[in-house]
Amino acid sequence: MSTGTAQRGRSRRNILFIFPSVLIGFILGSYSSTIQRIATLTPQSFSLLLDLPAPANSNKSTTDNTSPEKELDHNTTTFDDRYRSPVESMLPHFANRAVEKEMAKHDRLVVDSLAYLTSFNSAQEYAELINRQPDSSKKLTIVILTVNRAVPYVAVTLASLIRGHSKEEFAEKLNVHVCNLEKRPDRINTYYLFQTLRERLGGFISFHSWNEKYPELSSIKRKGILYMEEQRRDYIKALTMCKEAGSKWCVVLEDDTVLPVRFAEKLHRYVGADELECERLSGGNGTLVVDPTKLMLVKLYAPFNNAFDKSGKSMSSKEYGRAGEGYDKDRAIDVVEARENGESVKEVKYSLKLSTAGYGIVSNAYPAHILDPMIDYLTNNKFQQGQPTDTAINFLYYLKTKKTILEMRPSLVNHVGHYSENNNGGASVGKRLSTDVRFQIDDAHRR
């Protein structure tokens, strides 16, 4: 690797390190913490951020002039060369125009949500309304599972929940919990966004820190296996929290999700009915009526544009992204674009279909009757070490119970995260984007 390429690689590493702290710190008020972190950067670090030649004395530490700066090993960097500089980091990196447009939409949600939460000052009003309705069994329990990500997607999840409901609707219908699952030692105490959100929203949303490692997993050395084992145990805790709340329905969300306006009403209308009609498999005629007592779960997010899909809907497909082709025909348009085109945005009509995918826990809704047996299964079954939670539920538990799994069409909750915490630092950004371009966030302002 050339010196220039190595330096640019180090530049990207420093940018990734400081961007989340600067963004969150300045927007959400952790100004002093951000300044302290910036102050610890050496002259060489600043030079790398700007792609400038390092100062002549930059091989010395700013805190100890007698100790040389630890040199980075240029030969072992895992960063993708596509991030070599700000000029080359994004635009040429996208697989096609469709990926660029969807990621721009998702990133805009991040910025707008952070700005909204910055100005949010109604926590006391929400808390007073909730205290008047103490019976949580009448509500929908939502558990959001979060970690200290490089990109603050959890702000999108929370902002869409708050903005999508009136104060009265939120207090009457929602019981929301945010659970910090971060167990990486270098990130537990630096999850400043979680700390700030707890201070700002804690009066009406419950925040929990599940940072302790599980002693029985101490002998596992492989990070991938350890991650899966911790994930399953954390998911059991989330389902147990739902069970204890006593709600008729529980929704467990990963923190890189966005919900539509008036989510609670839509879930009740399409999923909480006494009888559920769903489409037959293989395009058969008519519909099936599903007995709610035989229902295992409903997937609120269906990866319509799955990165691994071979049916032509993959966002990385050149044909799908070509102007006027699949993406333009499938994608939802927002209110602003509709008005500019002289059109109107119609209310989304959701439907249910039988799900055959044995994976996915981005956004699942569970009826109360399934919680006890599922918790027991995930706790006491002898899984292969490292068994993913999604396949344990969607495949193995399904085979055991033969209960019905449904999914929404289009997705009622969408996946917005293109940076994966479990994907080698997000090296495949823009090539493995899984989402549902049909998702409509803003149709429910019309009653």
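Modeller: I begin with Tyr270 and Tyr350, both of which are buried in the predicted model. Their rings form an edge-to-face aromatic pair, with 5.3 Å from centre to centre and 70° between the planes; the angle counts as edge-to-face because it is over 60 degrees. Since Tyr270 belongs to helix H11 (residues 263–270), whereas Tyr350 is found in the loop between helix H14 (335–340) and strand S9 (351–354), the pair ties together parts that are 80 residues apart in sequence.

In the whole model the count comes to 13 aromatic pairs. Another of them joins Tyr235 and Tyr366, whose ring centres are 6.4 Å apart and whose planes stand at 75°, so this pair, too, is edge-to-face. Here Tyr235 comes from helix H10 (residues 223–245) and Tyr366 from strand S10 (residues 363–367), so that parts 131 residues apart in sequence are tied together by the pair. Both Tyr235 and Tyr366 are buried.

Aromatic residues also come together in a group, for Tyr116, Phe120, Tyr126, Phe170 and Phe204 make up one aromatic cluster.

Finally, there are rings with a charge over them: the charged end of Arg438 sits over the ring of Phe304, at 3.8 Å from the ring centre, and the charged end of Lys299 sits over the ring of Tyr359, at 5.8 Å from the ring centre.

Note on methods:
Residues numbered from 1 in each chain as written. Predicted model: local features only at pLDDT ≥ 70, side-chain atom pairs only at ≥ 80, totals over all residues. Heavy atoms only, no water. Phe/Tyr/Trp six-rings, centres within 6.5 Å; stacked < 30°, edge-to-face > 60°. Helix = DSSP H or I, 4+ residues; strand = E, 2+ residues; numbered from the N terminus. Buried < 20%, exposed > 50% of the residue type's maximum accessible area, 1.4 Å probe, protein only. Lys NZ or Arg CZ within 6 Å of the ring centre and 35° of its normal.
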